[in-house]
Structure formats: C-alpha cells, structure tokens
Amino acid sequence: MSAIEQQTPAINIFPPLQPPRRYLFGPGPTMVDPRVYGALAKPIVGHLDPYFIQVMGDVQQLVKMAYGTSDGATLVISGTGSAGMEAAVANFVEPGTKIAIFANGYFSDRLTEMAKRQGANVVRFEKSWGETFGDDEAQDFIRREKPKVVAYVHAETSTGALQSGKAICAAAHDAGALVVADCVTSLGGLAVEFDRTGIDVAYSCTQKGLSCPPGLSPMAMSRRAMDFLSSRTAPSRSWYLDLKLIHDYSTVSHRYHHTAPISMFYALREALLVIAEEGIENRWERHRRCHQAFVKGIQGMGLSFHVPEEHRIPTLNTVCVPKGVDEAKVRKRLLDDPGIEIAGGFGPLAGKVFRIGVMGPLATEDNVQFFLKEFGKALKAEGYSA
C-alpha cells in the first residue's frame, strides 16, 4: 500500500449528512424558512454574471426595507456579522481617530478591540452588562469627549438589553461625529429605523432576525457616511473589507473585487422576500406579541428577567437562572429531548442567565407555548418548583 493510500481515510467511516432535528430557541442561528433552503439549492452563476449582479441589486433594495432607510447606500458584506463590524471600524476609524463607545456588553467590548487594532483613540462610557444609557448621560458623554465617531450596540446579544439611539445620534451629529450602530440582533425582528434614528453606519447578520443561514452581513450607510468615504484619502487598512471597493463592485462598475458567495445571496434575497410579503411592520408586531406571551409564561413560573421590561429586546430574552439550578444541565435536558437549543450567559453573566430567542418561524403562539412547557419540565427535573 502506498503512502498516499495509507493517509487516505476509508470513505465508509463518513456517513451521509443527517443533522439532528433542532428547535433553535437560542440567540442565533435561528430557524430557516423552507423557501430559503429552496433558494440555496438553485444553480449558481458566476459572481460577475449579469444575473448575479441583478440579485445583488435586489438584495440591496430589500435591505433598505429592513433597515428603514431610503437614502444613502446599502451593501452586503461577504462574511458574518463580525465582518460587518470590522468593515464599519476599518473604514470609518483611522489611526488617531477618537471613537466614543457605549460599553455595556460583550459586543461593545469587541468593537473596542477592533478600534484599538486600527490605532484609534478609544474612550468608553461603561455600565454593567444589561444596563442601558439614558438620553442625558449619553449626550453629556459625547459633548464632553467630542469624538469623531460614536458607536453603540442597538440590541446587545450577550445581555438582552435594547439601547435607544436617538439621543446618541443627535448629540453625535451636534459634535460633528458619525454614528456606528450594531444591529446584529435587531434587524428583521424589530424596528431599527435607520433614517429616523439618525444612524450613519449600521451592520447586521443574516442568521438572527432575518431567519437565514449565517454568512453575510447587510450594511447601511447614510449620505454623511458616504461623503466621508469618498473624501477619505488614506485607503482602509483592510483590503477585503474596503467599502469603497465593495461598493464599486456591487453597485457602480461591477468590477471584480472578490468571489461573493452566490448561494448565500440567493438565500438572503428569498429571506427578505418572505419578510416583505408578511409586511415588515406585521413581522415586528408578531414578534412583539410572542414576546408578551413568553414573558407572561416565564413570570407564571415564578422566574424573572435580567433586563427591566422597558429595555428588553423582544426577540432575545435573558431569563435569570433560579437559585440552586444548574443552567447547563437544564440546557442539556432541552437539547437531548425534545431537541431545543438555548444558550447560557457568558462573561459576568455566566451561569446566571438563560439566553432564549423567539425569532422568525418560531415566533408563533403555538411555538411559545411548546417552549414554555418543555422549559418548565426541564427546570422541574433539575429541582426547581415554581
């Protein structure tokens, strides 16, 4: 037997793919609409093919609907939500740029790390994980620091806290600063209101509120942001995430920049069409109703939430782990039978909260009641009595 034959594994040790049936009630990825799976199976064309160029254009228009913008530009980055985050930082933060970050969770910390790697002068307004920033204190922070860029997380995945951006954006614009908003957990499930809020740069992902597999990062940019890009003399330190080049490829000249993941664009187009057919406001209302039903059921079990009611993300709940219960064992019971996936906390919230998403296809009354029943059974099996 040759050396190559000895190194080649026997084919029969690799069985056909048969992923387990899961109910994805975690913070993401979420369940995917069957129509989106159908789109993934469509034949691919080249990344410069006129048909694919049209698909990119369709997606950009549909992304405007999801963000709530009619001005500026929308792009889709070939990469997950963190690629969108890095694109926002690499293109709007230069060495020495002063960036003010509202820090109250894991993903504001990630924003901080990316900005530091760009050589930025980072200033942070820090609060405990799960807290939010009031209008007056946010405005005072920006007026005091006078940054060139301001960044905040609209819906913090690690804590379940929803941050209003209107006062942040107004104060930033008064100071002449651009505003970057992390909308990874909000886009598609609740209103972002990009134009009305005054956001300049927003990024998201496909695998949460848009109910699509992970792999792309939809972005929106205001006219102010586009003007900044066009006037920037030094190129972005990231070639792959250079928004000037990506915008030219996807919108202007269609000159080759990179090989885009064609099938994922098909999938995102179909996911956005599903949302458009439901009606974006109807979708937000459906998620709001399901959140209310979820809260009622959780409180009926005698459980509490980590975030006050007025600051909760309707699609992502952080439920406090009751005293004496091992949250990892509860999650394992749910995963083993009936195949429900939820997440635990991490960082300072490790072992203290369950992170439970009610998004997309699972955001129905029947699914909420199904989850509550199974969650109650798992808690009881671990010694919790409501």
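Biologist: Why is C205 called buried?

Modeller: C205 has a relative accessible area of 2%. Buried means under 20% relative accessible area, exposed over 50%, and partly exposed in between, with a 1.4 Å probe and protein chains only. The 2% of C205 is under that limit, so C205 is buried. This is a predicted model, in which local features need pLDDT of at least 70, side-chain atom pairs count only at pLDDT 80 or more, and totals for chains, interfaces and linings use all residues. Residues are numbered from 1 along each chain as its sequence is written, and side-chain values use heavy atoms, with hydrogens and water left out.

Biologist: What makes C183 buried?

Modeller: The relative accessible area of C183 is 1%, so C183 falls under the buried limit.

Biologist: What makes I13 count as exposed?

Modeller: I13 has 53% relative accessibility, which is over 50%, so I13 counts as exposed. I13 is found in the loop between α1 (3-7) and β1 (23-24); helices (H or I, at least four residues) and strands (E, at least two) are DSSP runs, numbered from the N terminus.

Biologist: Why does S217 count as buried?

Modeller: S217 is at 0% relative accessibility, under the limit, and therefore buried. This residue lies in strand β10 (residues 216-221). Not counting residues up to four places away in sequence, S217 touches several others, among them L75, V76, Y203 and C205. Contact means heavy atoms within 4.5 Å.

Biologist: Why are α12 and α14 called roughly parallel?

Modeller: The axes of α12 (residues 280-300) and α14 (residues 365-381) come within 10 Å and cross at roughly 25 degrees. Axes are lines fitted to C-alpha atoms, for helices over the stretch in contact, and angles run from 0 to 180 degrees between N-to-C directions. Angles under 35 degrees count as roughly parallel, over 145 as roughly antiparallel, 65 to 115 as roughly perpendicular and the rest as oblique. The two helices are therefore roughly parallel to each other.

Biologist: Which residues of α12 and α14 meet?

Modeller: C290, A293, F294, G297 and I298 in α12 meet E365, V368, F371, L372 and F375 in α14.
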